[in-house]
Amino acid sequence: MRIATNKDSLVEYPCDFPIKVIGLHQPDFVRTMVALAQTFDPGFNVSKVALRPSKGDKYLGITLNFWATSRSQLDGMYLALTAHPMVKIAL
C-alpha cells in the first residue's frame, strides 16, 4: 500500500519516477547524470536509463527512472539537476 506523504502531492511515495534531462551531447554527460541520480537513489538501476539524441546530435535527452521515496528527495534531485552546469533542462 502506498501512502502520500504530502496532501498537496499527486505522487504517492515510494514510486518509480522518471525525470528527463537534456544537455549538450558530450562524453561525460550520461555518466555524470547517472552518478548524480545515484546520490539520491543508491539502488539506482542504470539499465532503466533511456537515451535520445536530438536530430542534429547536438543535444542528448536522458530519462532517469529512479525510486522516489519522498517529496524532499524528489525536490533535491530536481534542484541538483537544474543547478548542474551540463544540464540545459530537467523535466
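In which segment is Pro14 found? Pro14 is found in the segment before strand S1, where strands (E, at least two residues) and helices (H or I, at least four) are DSSP runs numbered from the N terminus. The structure is a predicted model, in which local features need pLDDT of at least 70 and side-chain atom pairs count only at pLDDT 80 or more, whereas totals for chains, interfaces and linings use all residues. Residues are numbered from 1 along each chain as its sequence is written, and side-chain values use heavy atoms, with hydrogens and water left out.

**Backbone features**

Most residues other than glycine have a negative phi, and most peptide bonds are trans. The two entries below concern these properties.

| Site | Feature | Value |
|---|---|---|
| Tyr13 and Pro14 | cis peptide bond | omega about -5 degrees |
| Asp57 | positive phi, not a glycine | phi about 65 degrees |

Asp57 lies in the loop between strand S2 (50-53) and S3. With 42% relative accessibility, Asp57 counts as partly exposed, a class that falls between buried (under 20% relative accessible area) and exposed (over 50%), as computed with a 1.4 Å probe on protein chains only.

**The core**

The largest nonpolar core has 24 residues, of which Met33, Leu64 and Leu81 touch the most other members. Two or more residues each come from strand S1 (15-24), helix H1 (29-40), strand S3 (59-68), helix H2 (71-83) and strand S4 (87-90). Such a core is a set of buried Ala, Val, Leu, Ile, Met, Phe, Trp, Tyr and Cys residues joined through side-chain atoms within 4.5 Å. Leaving aside neighbours within four places in sequence, Leu81 is in contact (heavy atoms within 4.5 Å) with Ile19, Val21, Met33, Leu36, Leu64, Val87 and Ala90.

**The helix pair**

H1 and H2 pack at an angle of about 155 degrees with their axes 10 Å apart, the axes being lines fitted to C-alpha atoms over the stretch in contact, and the angles running from 0 to 180 degrees between N-to-C directions. The two helices are therefore roughly antiparallel to each other, a term for angles over 145 degrees. In this packing, Met33, Leu36, Ala37 and Phe40 of H1 meet Gln73, Gly76, Met77, Ala80 and Leu81 of H2.

**Ile22 in strand S1**

Ile22 has its place in strand S1 and is partly exposed, with a relative accessible area of 23%. Not counting residues up to four places away in sequence, Ile22 touches Phe29, Tyr59, Leu60, Gly61, Met86, Val87, Lys88 and Ile89. The C-alpha atoms of Ile22 and Leu74 are separated by 18 Å, the two residues being 52 residues apart along the chain.

Terms used. Angles under 35 degrees count as roughly parallel, over 145 as roughly antiparallel, 65 to 115 as roughly perpendicular and the rest as oblique.
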